[in-house]
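This report looks at how two chains meet, and then at a surface feature of one of them. Please keep the sequence and the structure in view while reading.

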Amino acid sequence: MTKPADCVIEREPPYLIVRPKGYFADQLGLKISGMLFEKPDFRDIKYVIFDFSQVPVVNSQGIATLIDICGNLVDNYNISIGFCKMSNLASEAFQIAGLEQLATFFSNIDEAKAYFGM
Amino acid sequence: MTKNNQSEYQELLSQLSSNKKSAVISAIVQLAKVANDEDTVYKLRKLAETADREVSFFATQAIIKIESRMHSQKNETPESQSIQFTLSVTKLIAPLKSEIDVIKNFIRNNRTSISEDLAPAVAVFLGKHGDKEDIPWLVEKLNSFKSNLVLPFIDALENLSSIDLVPHLPNLLASEYPLVRSRAIMALRKIDPDEALAHLSELLASRKVEEKLAGLGIAFFFPFEQVREMILSILQEETDPEVIRGCTTLLISNPDLETAYKLLSIIDTTEKNKSNSLVNVFKTLCSALAAAKVLPPDKANPDSIIANWKRERLSKFLNELEIQLPVASPSKRESIENWLIKNINIPEVLALVEKLAQNPNTEEIAKKILQEYSQQKRLAIFAKVQSVNTEEDQYNLIQALDENSFKSWKDLIIKFATSGSVRVRSAAINAIAKFEPSFENLSIAELAMKEDHPAIVYSAAKFLEKIDSQKLIPYIPKLLSSIDCRLRALGIKIARKYDENKALQSLKEMLFSSDRVTRANAVANMLLFPFEKVSDMLLKALEREDHSSIARQMLVVLLSNPSKELLDKLDRIHARSNYAVSLLIAQARMDLFDLIISLGLDENLTKIETEKTKIEKSHKKKDEIKQNLDSANLSANETEKPYSIENVRNAIRNRQVENIKQAKAIEKKAFLEEWYKHIVISFIIIMLALSPSIILDVIERGRRYAISASDIKQFKIDKENEFAIEPKFVQEQFTMNEVCKIKGKFKEISQEGLVKLAYATMTIWLENVSSVPCLIPNEEVEVEILPYHVYTNGDILAKCIKINNK
């Protein structure tokens, strides 16, 4: 039986740290989308950093919802996005899917923060 | 010994101190064949004395062989054996000619009493001097040894009767000991070379270093063309120095110009930290090419080979870059970028970079390179503002624009976008899309969409997509039917939003295209489709894919959607077109299996066949196999082979699943034990904390029955009871609970008024004594008393009835 997937979001203005956990399929993507956009609160938020350290796999549907989420953040809220701590497989999949056009890849959260300027 | 052999010999000696057991044993076995000096024997003796049974056995065996060789070279005979016969490792491994028959008979007559320690040495002996009569014993022992000590039994059976080894191959091929697996593959190679190659591929694809080393050890025995691609594939990712050394040895043992060219292709595009070791491999290979006279010495030097390579391979190499760039890791991408910048002056390279700028997956990196390149050119262009009449000037002007300069040149750029050469028009539309993507410029893009040339249509389509992708809906048929793969990919992206079936059909056509770039683009799009709609298509395409980078992309898409059903389907894929692709598929299977277990996607991955049914099946096939073996041409149906890669794979997975279950059970047990320990310790601590109060309580109870000086109160005569007792019968001897007359010595009077009397060995305390002041200590007195109570210290309390002093 697969372990339940979940997500934790932490506000550290100007950063929003999104920490998905578990197998990243469309359900988790939709959950994150709901958490971010149902009652959006991006006051003082300029950067969203995704921490994939607890995500072993992101499947096709998961990538598709991730692209929607990132597209929404960039186009509608003018937010810069960082991805960090991806597994090798997830990193390769993101590159194939072209997610590098939407987000910058880092090895850890501190590196992302340093890049974004704080 | 030649220089090459000497360095190999030194390498074997250095391997003796490796921390990988299979590398140590492999080195020992090889040294046994070639060593001839005391130093080596000394090193082997140290290993023979270790606690590791396997290493000890092989080292002992090697010592005996080497010493035997040294003795025969010196024309010495080994120490003569004692007259009384005893079986020993030395005799078994290096028997004298006169001893062979004696030992053989001894073994046959005492099979059941051969110790486990001697059994491997017996197998070595029987392998050389035994015959069919010994096979049952060898087979019986083969099943009882699970470690590397089974190797002598495999050797022996293979020598005596390889057909009897076949039923046991599945177990041996699935062994957790790499050397056993590799030895079994060698045995299989004589029966079924294709299947053996598949097993070798699995072994080399392993993530475990020892398994790779074992695979490299036997790769020499397979045709080099079959293993070269696998070796080069390993070299691109490997960091373990022993594995790199093994790969290098294999490559330079088969010096080939094609290998050198392939290495060069890899070196420039690999990560910095790995490229240095590959450069060393390349240089060593060049020396080998000269030494083997494949090339004349003046042409076998690295510079010469690189120049030739550049000439012959440049266009092919550049195509490879275009495929690898989108999926390269960041450090590899940086290497490629640096190479492109360094060689941008070569026209073919510049053309590639311009092409990359048109591909959405690579346009960022291409633009960065072009900016670096055009830094100098930009200044020159703005210096000759008046002369932009030629197509080249127009194109260069557009490429050199930035946000500020665009505003100055806007009118001219719009003019270029509506009427100009294909290249200029396309570049102009891109520039407008980049610097001013507004609705007022939309008409330019809509006009361009009506053109036939794909480059113009693509630029216009990207522009429309940026403004509003719905504008592209009417153009979907045109996009999907375009000969340009980028247009088809964009069409799929839009169509999927509005017409998925059509999109899938176009995707299928792209995926099975003969053009590699088209296939690579198709895979990138497949990742965005629902997996169940593209999985079968992808698996079929994987089976025929011959390019390792594209195959890797396909496998990433598959691995990103792990499931048991996918694993079953992947197991059935056999990519025979390219061995590097076979290796990738083998690695992906293992990775997928690990993913499924770690995600807990399916608890019952494989059904475990019992040993009995396996052997029953294999015995049924034995006769068929025997006939085919005689003709040395086994053509049995793959699914009937007990040693097939599928069966062995299932056996390995079963074992892994069992190991994981056992590990979990042990972990749970350890956790419970830890809890019990904590509970017990807590209980002890609580008991220790409470024990002082318990002890004190016990002591307090004892004190209630003891009399001490502090308890004695002020004397008072108790006159009320003076005449209370009227005895009717007086005992002449001391009797408890009866009136008796005794004589004792007065000792003292207590504060309570009790008179202490010593009688025989007793101490008697008298109460109700009336004539106390008349008594002198130690005076003998005669008393009539009624003793009725015994104190805990043995003293007696009695009522005094009468007291007479003498």
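On the side of chain A that touches chain B, helix 2 (60-77) and helix 3 (88-97) of chain A each provide at least two residues, and helix 3 of chain A gives the most, with 6 residues; helices are DSSP runs of H or I with at least four residues, numbered from the N terminus.

## Basis of the model

This is a predicted model, in which local features need pLDDT of at least 70 and side-chain atom pairs count only at pLDDT 80 or more, whereas totals for chains, interfaces and linings use all residues. Residues are numbered from 1 along each chain as its sequence is written, chains are lettered from A and ligands numbered from 1 in the order in which they are written, and side-chain values use heavy atoms, with hydrogens and water left out.

## Extent of the interface

The contact (heavy atoms within 4.5 Å) takes 21 residues from chain A and 28 residues from chain B. About 2,000 Å² is buried between chain A and chain B, and carbon and sulfur atoms give 56% of that area; buried area is the accessible area (1.4 Å probe) that two parts lose on being put together, summed over both. In chain A, S60(A), Q95(A) and I96(A) lose the most area to chain B, together 31% of what that side buries.

## An exposed residue of chain B

F683(B) lies in helix 36 (residues 645-703) of chain B. F683(B) counts as exposed because its relative accessibility is 53%, the cut-off for exposed being over 50% relative accessible area (1.4 Å probe, protein chains only).

Conventions:
Buried < 20%, exposed > 50% of the residue type's maximum accessible area, 1.4 Å probe, protein only.
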